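I opened a new model today and kept notes as I went. The sequence and the structure come first, then my entries.

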Amino acid sequence: VYLTLHVGLGTFRPVDEENIEDHKMHSEFYRLSEESAKTLNEVRQNGGKIVATGTTSIRTLETVGTKFDGEIRPDSGWTDIFIKPGYQWKVVDSFITNFHLPKSTLVMLVASFTGRDNILNAYQHAIDEKYRFFSFGDAMYIH
């Protein structure tokens, strides 16, 4: 399945607001083709799971799911979705992503899926074992 993503540097910008609700999320352009939407829907209809690779893919699929009330439809546009704890997931069932830097929207996205304590435990393990961080090292599969 192909998905066009335009990833901006804002992806790596730390959250420096005291209240995360005040954080201005960056925008990224996406395009989900008709063929890809059809494939993803067939996977769901056949009992399969949607596994996203990377947080930009996650943001795109969840933007489409939010826009179309949980449905996967062809779409393109800009997303500034901020997935953080409390978010109700609509499309993605599991994902592969890097270990992300603290205070980033990316680590908040992962925590919204796994729960804060689970991800903090995984990060402590990664620190103890000297994993590499910031998109140039180890990755994790979350389901």
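This is a predicted model: local features need pLDDT of at least 70, side-chain atom pairs count only at pLDDT 80 or more; totals for chains, interfaces and linings use all residues.

I then followed the pairing along the strands. Strand β4 covers residues 75-79, and five bridges join β2 to it. The two strands run antiparallel.

Next I asked how many residues of β2 are buried. Strand β2 spans residues 28-32, and four of these five residues are buried, so I wrote it down as mostly covered, with buried meaning under 20% relative accessible area.

**The whole chain**

I listed the elements of the protein chain and got four helices and six strands. Read from the N terminus, their order is β-β-α-β-α-β-β-α-α-β.

I checked burial for the protein chain, which has 143 residues, and 41% of them are buried. I also looked at contacts with a separation of 6 or more: 69% of them are between residues 24 or more positions apart.

**The surface**

I computed an accessible surface of about 8500 Å² for the protein chain. Carbon and sulfur atoms hold 50% of this surface.

I searched for a nonpolar patch and found one of about 270 Å², made by Val 51, Ile 96 and Tyr 141. Tyr 141 lies in strand β6, residues 139-142. Why does Tyr 141 count as partly exposed? Its relative accessibility is 48%, and partly exposed lies between under 20% for buried and over 50% for exposed.

Definitions and conventions: Residues are numbered from 1 along each chain as its sequence is written. Side-chain values use heavy atoms; hydrogens and water are left out. Buried means under 20% relative accessible area, exposed over 50%, partly exposed in between (1.4 Å probe, protein chains only). Two strands pair if DSSP finds at least two bridges between them. Contact means heavy atoms within 4.5 Å. Accessible areas come from the Shrake-Rupley method with a 1.4 Å probe; for residues, only the protein chains shown count as cover. Patches are made of residues with over 30% relative accessible area and no salt bridge: like charges are joined within 9 Å, nonpolar side chains (Val, Leu, Ile, Met, Phe, Trp, Tyr) within 5 Å. A salt bridge is a side-chain nitrogen of Lys or Arg within 4 Å of a carboxyl oxygen of Asp or Glu.
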